[in-house]
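Take a walk through this fold, one site at a time. Keep the viewer open as you read.

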Amino acid sequence: MEKSLERVGIMVGSKGRGSNMTALVKACRSGQVPAEVSVVIASGAGSDAEKAAIDLGVPTTVVTPGDRYGERLVEALEGCDWLCLAGFLRILPGEVLQKFPDRVLNIHPSLLPKFGGKGMYGHHVHEAVLAAGETESGCTVHFVNERYDEGAVLLQKRCPVEPDDSAETLAAKVLKLEHQAFAEALSKVIHERSC
Ligand code: GRF
């Protein structure tokens, strides 16, 4: 009998574009990742990421932080085997981490442990990389725990930092890597866990 696909929930941030979410949905639909995206959860209505998910025809729901946030997230993720954070910038409520032990992945636009932690997101990361004079940057897919950007690293992709790079050009190079890395990492853990 053919094995059924793993079910993935994706959480996007209220300021996100949704490009990593879109890349993951496409990678699942093309068969690169043996999974289907069963729900996209947005933190606020009307974000670009939420619109992108609706345009892709993925079931989409909004769960705003507040009372019973963890419980409401767990309800929205009912039936999911994995959770991918794609632009979600908060610490996940304990209820969600308990529901998905070692099954929550995040993507970060630097080579962790460098340039991670609270407040390190988006242009802040790339500006810090340039200010530190790094000659290399990239992205990291890691497991999520109760601390910012500290879970075990699953996969990294690297690119050179050129002398004439700005935060914008570096961000664009890293984003391209992110789109490949998230799908590769998810595929890898799914294969490892099903062996
Ligand atoms: C990405 O740079 C990702 O690394 C970070 O948030 C950003 C989200 O971008 N966690 P997008 O919404 O996926 O385009």
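Leaving out neighbours within four places in sequence, His142 is in contact (heavy atoms within 4.5 Å) with Val104, Leu105, Asn106, Leu112, Asp149, Glu150, Gly151, Ala152, Val153 and Leu154. His142 sits in strand β6, residues 136–143. Helices (H or I, at least four residues) and strands (E, at least two) are DSSP runs, numbered from the N terminus. His142 is buried, at a relative accessible area of 2%. Buried means under 20% relative accessible area, exposed over 50%, and partly exposed in between, with a 1.4 Å probe and protein chains only.

A word on the source. This is a predicted model, in which local features need pLDDT of at least 70 and side-chain atom pairs count only at pLDDT 80 or more, while totals for chains, interfaces and linings use all residues. Residues are numbered from 1 along each chain as its sequence is written, and side-chain values use heavy atoms, with hydrogens and water left out.

Next, helix α2, residues 48–56. Its buried residues are Ala49, Glu50, Ala52, Ala53 and Leu56. Seen down the axis of α2, these fall within an arc of 160 degrees (taken from the directions from the helix axis to the C-beta atoms), so they line one face of the helix. Ile54 and Asp55, on the other side of α2, are exposed. The cover over the buried residues includes β1, α1, β2 (35–42) and β3 (60–62). Just after α2, Gly57 has a positive phi of about 80 degrees.

Gly18 and Ala53 are 35 residues apart in sequence, yet 7.5 Å apart in space, C-alpha to C-alpha. Gly18 lies in the loop between β1 (6–12) and α1 (19–29). Gly18 is buried too, with a relative accessible area of 9%.

Now the rings. Arg103 lies over the face of Trp82, 4.3 Å from the ring centre. The test asks for NZ of Lys or CZ of Arg within 6 Å of the ring centre and within 35 degrees of the ring normal.

Last, the largest pocket. About 1,100 Å³ of space lies in it. Of its 41 lining residues, Gly87, Phe88, Leu89, Tyr121 and Gly122 are the closest to its centre. A pocket is an open set of points on a 1 Å grid over the protein atoms alone, where a 1.4 Å probe fits, with protein on both sides within 12 Å along at least five of seven lines; lining residues have an atom within 4 Å of a point. The volume is the space filled by probe spheres set on the points, which are joined across faces, edges and corners. α6 gives the most to the lining, with 5 residues.
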